[in-house]
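Biologist: Walk me through this model, please. I want to learn how to read its features one by one.

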Amino acid sequence: MENSWAEGVKDAKKLQTEIETRLSSYYKVNASLNATKSEEFNQTTLQSLELSANSIELELDQLIIKLDETTKFLSSQLNSMGSRATSNMHRTFESYRERLADYKHEFLRTKKAIQESRSYSHLILSVQVENDPRKTNSLNENLLRERSSLANSDKTLESLVSQAMEARESLASQKQTLQNTLSKLTTMSGISANVNQLSNTLSKLKAKEKIILASVISFCLFFLIWWAIA
C-alpha cells in the first residue's frame with residue numbers, strides 16, 4: 001500500500017514539473033500575441049503563434065487530466081490506509097490537490113486571454129489587408145475578371161439561344177413538309193381506292209357481257225340446229 005502511495009506521489013511530482021514547463025511556454029505565447037496589438041505582424045506570424053498555442057493547450061489539457069486522476073488515486077490510497085495514513089501524507093495530498101486547482105485556474109485564465117488576443121489580432125490583420133493597396137488592386141482585378149467571365153457567359157448563352165431558335169424553325173419546317181407529304185399520301189391512297197373500285201366494276205361488267213354473249217351464241221346455235229332439222 002505504501003509503495004503504491006510512493007509511486008503515486010512520484011507520478012504527481014513528475015506531472016507537476018511537466019505542467020509548469022508547458023504553462024511557462026503558454027505564457028510566452030500569450031505575451032507574443034499581446035505584442036501583436038502594438039506591433040506590425042503578418043498572417044504567417046499569427047498562424048505560427050496559433051499553432052503553438054493549440055499544441056500547448058492540447059498537452060496541458062492531457063497533463064491536467066492525468067494529474068487529476070493521480071490526485072484521485074492518492075485520495076483513494078489515503079482512504080484505504082485509514083488511521084495508518086500519516087499527517088505528512090495528508091499534507092502532501094492537500095498540497096497536490098491545491099496545486100491542481102491552481103493549474104486548472106491558470107490554464108483556463110491564460111486560454112481565455114489567448115483567445116481574446118487571437119480574435120483581436122485577426123481583426124487587426126483583416127483591417128490591414130483591406131487597407132492594403134495591393135489587396136485593393138487584386139480585388140479590382142478579380143472583379144474585372146468576373147465581369148469579363150459574365151460577359152463571355154452572356155455571349156455564349158445568346159449563341160445557344162440563337163442556335164435553339166434556328167433548330168426550332170428547322171423542326172417546324174420539317175414538320176410542315178412531313179404534313180404535306182402525309183396529305184399527298186392520303187390523297188393518293190384515296191385515288192388508289194377509287195381506281196381499284198372502278199377496276200372491280202369494269203371486271204364485273206366484262207363478266208356480264210361474256211355471259212350475255214355466250215347466251216346469244218348458244219341461242220343462235222340452238223336455232224340453227226332446230227331450223228336445219230325442221
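Modeller: Start with Thr71, which sits in helix α2. Helices (H or I, at least four residues) and strands (E, at least two) are DSSP runs, numbered from the N terminus. Two points on the source. This is a predicted model: local features need pLDDT of at least 70, side-chain atom pairs count only at pLDDT 80 or more, and totals for chains, interfaces and linings use all residues. Residues are numbered from 1 along each chain as its sequence is written, and side-chain values use heavy atoms, with hydrogens and water left out.

Biologist: Is Thr71 buried or exposed?

Modeller: Buried means under 20% relative accessible area, exposed over 50%, and partly exposed in between (1.4 Å probe, protein chains only). Thr71 has a relative accessible area of 5%, so Thr71 is buried.

Biologist: Which residues does Thr71 touch?

Modeller: A contact means heavy atoms within 4.5 Å. Leaving out residues up to four places away in sequence, Thr71 touches Phe93, Tyr96, Arg97 and Leu100.

Biologist: How many helices and strands are there in the protein?

Modeller: The protein has four helices and zero strands. From the N terminus on, the order is α-α-α-α. Of its 230 residues, 19% count as buried. Take contacts between residues at least 6 apart in sequence: 86% of them join residues at least 24 apart.

Biologist: How do I read the length of helix α2?

Modeller: Compare its reach with an expected span, which is 1.5 Å times one less than the number of residues. Helix α2 has 39 residues and reaches 57 Å from first C-alpha to last, close to the 57 Å expected. Just after α2, Gly82 takes a positive phi of about 60°.

Biologist: Now a residue of helix α1. Where is Ile19, and what does Ile19 touch?

Modeller: Ile19 lies in helix α1, residues 2-35. Its relative accessibility is 0%, so Ile19 counts as buried. Beyond residues up to four places away in sequence, its contacts are Leu60, Leu63, Ile64, Leu67 and Tyr103. Look at Tyr103: this residue is 84 residues from Ile19 along the chain, and their C-alpha atoms are separated by 7.7 Å.

Biologist: How many salt bridges does the structure hold?

Modeller: A salt bridge is a side-chain nitrogen of Lys or Arg within 4 Å of a carboxyl oxygen of Asp or Glu. The structure holds six. One of them joins the side chains of Arg22 and Glu59, at 2.6 Å from N to O. Arg22 is in helix α1 and Glu59 in helix α2, so the pair ties together parts that are 37 residues apart in sequence. Arg22 is partly exposed at 28%. Glu59 is partly exposed too, at 30%.

Biologist: What about Glu50 and Arg118?

Modeller: Their side chains meet in a salt bridge at 3.6 Å, N to O. Glu50 lies in helix α2 and Arg118 in helix α3 (residues 87-131), so this pair ties together parts 68 residues apart in sequence. Glu50 is buried, with a relative accessible area of 11%.

Biologist: How are Lys72 and Asp68 placed in helix α2?

Modeller: They are four residues apart in α2, which means a separation of about one helical turn. Lys72 counts as exposed, at 55% relative accessibility.

Biologist: Which side chain of opposite charge is nearest to Glu57?

Modeller: Lys and Arg count as positive and Asp and Glu as negative; His and the chain ends are not counted. Glu57 is in helix α2, residues 43-81. For Glu57 the nearest opposite charge is Arg118, 4.4 Å away; Glu57 is buried yet has no salt bridge. Setting aside residues up to four places away in sequence, Glu57 touches Tyr26, Phe107, Lys111, Ile114 and Arg118.

Biologist: Last, the surface. How much of it belongs to carbon and sulfur atoms?

Modeller: Accessible areas come from the Shrake-Rupley method with a 1.4 Å probe; for residues, only the protein chains shown count as cover. The accessible surface of the protein comes to about 17300 Å², and 57% of this belongs to carbon and sulfur atoms.

Biologist: And where is Phe223 found?

Modeller: Phe223 is in helix α4, residues 133-229. Its relative accessible area is 44%, so Phe223 is partly exposed.
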